[in-house]
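Please walk through the structure shown below, one region at a time. The paragraphs that follow take up its pockets, a helix and a few loop residues.

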Amino acid sequence: IGGADRGLNYRSIDFLLAHPYAEVKATIYLALLVGIEINTDGEDVVLRLKKNLYGLKDAGKTWWEHLSSGLDKLRFGQRTSDFYIWKKHGVGVVVYVDDCLMFGNDKADVDETVAQL
């Protein structure tokens with residue numbers, strides 16, 4: 001990375017199952033899988049999807065909106081020239097899909113940001 005030799009502290013985060021953290025904006029219903037039975041007194045049953053799934057058309061967009069909202073709440077400012085870079089009081093965040101690199105001069109500030117996300 002090159003930041004360590006300049007005295008920067010950094011942490012890398014991979015948000016496991018990132019897309020399911022975000023709510024689905026569209027109304028999507030799923031049929032039950034073959035072999036799964038629910039006692040419904042003979043009525044047909046469908047399931048309403050509440051969280052994103054990988055592969056949905058808007059999954060990446062809603063994940064980005066979810067992450068951006070979280071960074072906004074933590075009062076990070078987004079760069080206008082590089083929308084994937086956020087900064088707040090000496091802590092920088094670089095986002096690539098569901099991975100983040102956080103860096104700063106103070107290790108405690110970096111660790112606190114990781115804990116808050």
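Predicted model: local features only at pLDDT ≥ 70, side-chain atom pairs only at ≥ 80, totals over all residues.

Residues are numbered from 1 along each chain as its sequence is written, and side-chain values use heavy atoms, with hydrogens and water left out.

A pocket here is an open set of points on a 1 Å grid over the protein atoms alone, where a 1.4 Å probe fits and protein lies on both sides within 12 Å along at least five of seven lines; lining residues have an atom within 4 Å of a point. Its volume is the space filled by probe spheres set on the points, which are joined across faces, edges and corners. Among the residues lining the second largest pocket are Val24, Lys25, Asn52, Asp58 and Glu65, and by class its lining has 5 nonpolar, 2 polar and 5 charged residues. In this classification Ala, Val, Leu, Ile, Met, Phe, Trp, Tyr, Cys and Pro count as nonpolar, Asp, Glu, Lys and Arg as charged, and the others, Gly among them, as polar.

The largest pocket holds about 240 Å³ of space, and its lining has 7 nonpolar, 4 polar and 1 charged residues. Helix 1 (residues 59-73) gives the most to this lining, with 6 residues; helices (H or I, at least four residues) and strands (E, at least two) are DSSP runs, numbered from the N terminus. The lining includes Phe15, Tyr21, Trp63, Lys73 and Leu117.

Which residues of helix 2 (residues 107-116) are buried? They are Val110, Thr113 and Val114, where buried means under 20% relative accessible area, exposed over 50%, and partly exposed in between (1.4 Å probe, protein chains only). Seen down the axis of helix 2, these buried residues fall within an arc of 100°, so they line one face of the helix; the arc is that of the directions from the helix axis to the C-beta atoms. What covers them includes strand 1 (9-14), strand 6 (91-96) and strand 7 (99-104), with contact meaning heavy atoms within 4.5 Å.

Turning to the loops, Val34 lies between strand 2 (29-31) and strand 3 (46-48) and is exposed, with a relative accessible area of 88%. Arg75, in the loop between helix 1 and strand 4 (77-78), has a positive phi of about 65° although it is not a glycine, and at 71% relative accessibility Arg75 counts as exposed.
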